[in-house]
Amino acid sequence: MKKIELEPKNIVLKTENLAIGYQSKKVENIIFSNINLSINKGKLVTVLGKNGIGKSTLLRTISKVQNSLKGNIFINQKNLETYTNKELASSLSLVLTEKLPESQLTVFEIIALGRQPYTNWIDTLSNDDIEKVNWAIKQTEIQHLKNKLFYELSDGQLQRVLIARALAQDTDIIILDEPTAHLDLHHTIKIFSLLKKLVKETSKTIIISTHEVNLSIKLSDEIVVMTDKKIYSGTTKELINQEIFEKLFPNELVYFNKTLQQFVIN
């Protein structure tokens, strides 16, 4: 009898022969196919690639915001297609780049929205819910913002609040699409440092798409590199040894310096 090989328990997200893209009037526009990724628990994973190459599409497909075209996605060894919305909301949280609608919500109330998968039918917060919200506030170091209104926040403060909301949701996986897109260098570094700290202290898996290549190379546990022809993944050391970063911006004004382990101006 053939032995059934089980996936290692530390793999929280896996794709098998995944194809991503868009379907319109029975016509498939495939951006990438044959994507095979395995992402381990407790890792900071960055997704790198040029503008328009499909980073957001990959993250939106993995999080079931849009449908895959082919292949399978597994979260904690269970096929994504078999998840109910509530089950998925208890396993994966998502922070997109879309602006929040105008509201009178306080920071505490925004973060408390992350507890919706667990609240009762009238959305009353239990003591455990309140404890989780306060824990998320403490983890993201925004205690001083707790009672501020939504519209009083700067872009950097709002990003921390959205990360706190995802933390309060208490999922194994947190996915962020371009979390530093509207931030200056100072706040970008602070967000990266925060995400690195959260991975270490909570053992959650955080996956982000970003254009911050040098910061990703410095701080990521694993990197997914999307090039025009293929998707590669591995640690910084593995990707440097395979000369993958050289494929990221071919024939551009920057090049990858192996000694410095970063991109520099040509």
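The legends below describe close-up views of a predicted model. Because this is a prediction, local features need pLDDT of at least 70 and side-chain atom pairs count only at pLDDT 80 or more, while totals for chains, interfaces and linings use all residues. Residues are numbered from 1 along each chain as its sequence is written, and side-chain values use heavy atoms, with hydrogens and water left out.

**View 1. Helix H1 and the residue that follows.** Helix H1 spans residues 55–62 and is largely enclosed by the rest of the structure, because six of its eight residues are buried. Buried means under 20% relative accessible area, with exposed over 50% and partly exposed in between, for a 1.4 Å probe and protein chains only; helices (H or I, at least four residues) and strands (E, at least two) are DSSP runs numbered from the N terminus. The buried residues of H1 are Lys-55, Thr-57, Leu-58, Leu-59, Thr-61 and Ile-62. Just after H1, Lys-64 takes a positive phi of about 70°.

**View 2. The largest pocket.** About 350 Å³ of space lies in the largest pocket. Among its 15 lining residues, Ala-89, Leu-92, Ser-93, Leu-94 and Gln-169 are the closest to the centre. On a 1 Å grid over the protein atoms alone, a pocket is an open set of points with protein on both sides within 12 Å along at least five of seven lines, a cavity is a set where a 1.4 Å probe fits but cannot get out, and lining residues have an atom within 4 Å of a point. Grid points are joined across faces, edges and corners, and a volume is the space filled by probe spheres set on the points.

**View 3. Gln-169 in its loop.** Gln-169 sits in the loop between H5 and strand E8 (173–177), and counts as buried because its relative accessibility is 14%. Its side chain reaches the backbone oxygen of Ala-89 at 2.8 Å. Leaving aside residues up to four places away in sequence, Gln-169 touches Ala-89, Leu-92, Ser-93, Gly-114, Arg-115, Pro-117 and Tyr-118, where contact means heavy atoms within 4.5 Å.

**View 4. The two cavities.** A search of the whole structure finds two cavities of 30 Å³ or more. The largest cavity has a volume of about 210 Å³, and of the 17 residues that line it, Thr-97, Leu-158, Gln-159, Leu-162 and His-182 are the closest to its centre. H5 gives the most to this lining, with four residues. The second largest cavity, of about 40 Å³, is lined by residues including Thr-61, Lys-64 and Gln-66.

Key. A polar contact is a pair of N or O atoms within 3.5 Å; within protein, one must be able to donate a hydrogen and the other to accept it, and residues adjacent in sequence count only if both atoms are side-chain atoms.
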